[in-house]
Amino acid sequence: MIIQTTFDFDMMFSNARDAFAEEMTAMAEEGYDFAFTYSDNVAPSSAAGKFINKYPERCFNFGIAEQNQVAASAGIALSGQIVFAQVFGPFLPLRAADMIHTDVCYNDLPVRLIGTHSGVTAGGGPTHNNIADLALYRAIPNLTVIVPADAGQCIKAVRESIAYSGPMVIRIARGDEPNVYASQDYDFNIGKAIQIKDGDDISLIGTGSAVYWALMASKALEADGISARVIDMHTIKPLDTEAIKRCADETGGIITIEDHSIYGGLGSAVAEVLCEYGNGTKFARIGMPDEFSVLGDPSEIYHYYGLDQSSIAERAKKLCKLKR
Amino acid sequence: MLQINELEEKAYTIRKNLLNFIYRIGMGHLGGELSLVEVAVALYYRFMNYDPTNPKMTDRDRLILSKGHCSETLYTIFSDLGMYSMDYMVEHFETLNTARFGMHSNRKYVDAIELSAGSLGHGLPVAVGLALGARKQGFDWNTYVITGDGELNEGSNWEAIMAAGHYKMNRLTMIVDKNGLQMTGPTKDVMNIDPLDMKLEAFGWDTYVVADGNDMAQVCAAFEYVNAHRCGEKPTAVIANTIKGKGVSFMENNVKWHGGGIAKAELDVALGDIEKAWAGRNCI
């Protein structure tokens, strides 16, 4: 199946937070019964705010208390409800880590944690950066970890989550992110990576907001005669290890790109697979280094740390030149 | 419905069975397990809508034991209610892939356990959600949660206490097993939580202080009060002043008896203490 991406079009933006809430509204209108918990950061004018206004009896505000929100979400789930819990950026994994681990995952409850403002997309500096969450999530049993590439894919993940068993986290960016997919006419299966562009010189494996930049880098590489495969690794756990092995077998090297620390996230997960696979694939990780981020606009920070189109392309060219 | 004298006899039996259970499995938290016996017995044998032959009954009242390290008290009650034999529980206690029971309770293996617990400061926040979920779905069952007093050091409880008051959770009841000791010393010295009743009331709770939480008549009076006040707009807290290690001379108010097993000679003394007190009580 040929997947149409914004690679072929002008950059278009959309907002995964709004998309999530609009899909929640659609599901409520279709008769699905579920609860929604949130914190004191949901604007009345947002899509989630409108959902709350329309369905107040199923919405619970926990103020500025993420531990309590996540634990109580587990309790609501224990009463027999699917729960969508929208929590701001780092305050989900860092403040409520124990509640995610013990209340939601150890008790194996159908809570869908919607972690907003992934990576550095919130702006505002390291207190509002969310660069360590995947490292935590990957190590918690029972937890399925989804990082949609764009708003349209977020809708697919939210819809899939209704019939999916067990706990899940859906990690989305702040909003107004570029679309990766020009059409929603493609298959989205949890745990199965999507090859959005074929190539054999190198594989660029991205997750979340980094998928778009991987795609743009592949475009730049084409001009230099380098054929880059682009993989959308939207599910971090369970990881599609077969897709990684295919990249190792069929292309000249692998680069992972993520808006997360290079420790513990997608890059680490792929490195683990490659080391055990043992075919000596050339490999590099692009992500946030082991430092608290410099201060600036998120797009500038991406450029600073090499997550933008030209930086990824340059890194790919260097990797291609390396002898195996 | 069991009368108070029958509940007292049940508590006497549970205490003895609990001690034998801990002796056989070689581990437990006897201090806190003995202090909560009267509260747990009153709930399971009289005040909760509960059918031991159908522990997942839809309209059952829910009890979360937040001080999950004291699960053996509940296991002993489950055994007395006919849900599991004592031998079965011993044979499946922390036995790796055949384990069903552990020091900290796991709902995956024991139907009667509502929430897998162990880490402190979790039961009350989850109970708030459980009660909210029940209200949302129009269920009229009640949610009970038993916490320790040392456990209230955990800030997560206070977020939950705030939310329960905010949401006027009138079908939520917290019982604080206030035995006055935490692992390394008196609660008032380690991290004082008093005046607990005033703090809870300031957070929008209706509180009932039980002077002697190991006196069955007083415990029952507290739950009668709770039942009579459910129509209000407040969650209720029963602050039960209990004695850690209640009933065993060398354990009572002794910090040393927070966790661990019990030797045969100690078991014999402990059982003798409990039987002697029971016999003495019947002579009055």
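Modeller: Happy to! Helices (H or I, at least four residues) and strands (E, at least two) are DSSP runs, numbered from the N terminus. In those terms, G123(A) is found in the loop between β5 (111-115) and α5 (133-138) of chain A. This is a predicted model, where local features need pLDDT of at least 70, side-chain atom pairs count only at pLDDT 80 or more, and totals for chains, interfaces and linings use all residues. Residues are numbered from 1 along each chain as its sequence is written, while chains are lettered from A and ligands numbered from 1 in the order in which they are written.

Colleague: Why does G123(A) count as partly exposed?

Modeller: Buried takes 20 or more other C-beta atoms within 10 Å, exposed 12 or fewer, and partly exposed lies in between, with C-beta atoms placed from the backbone. G123(A) has 16 such neighbours, so it counts as partly exposed.

Colleague: What is G123(A) in contact with, beyond its neighbours within four places in sequence?

Modeller: Contact asks for backbone-placed C-beta atoms within 7 Å; H128(A), D297(A) and P298(A) qualify. D297(A) is 174 residues away along the chain, yet the two C-alpha atoms are separated by 6.1 Å.

Colleague: How do you know that β1(B) and β2(B) pair?

Modeller: DSSP must find at least two bridges between two strands. β1(B) and β2 (residues 143-148) of chain B have 4, in the parallel sense, so they pair. I64(B) stands opposite V145(B) there.

Colleague: What makes β1 and β6 of chain B edge strands?

Modeller: The open sheet runs β1-β2-β3-β7-β6 in chain B. β1 (62-65) and β6 (206-210) each have a single partner strand, so one side of each lacks a neighbour in the sheet.

Conventions: Contact = placed C-beta atoms within 7 Å.
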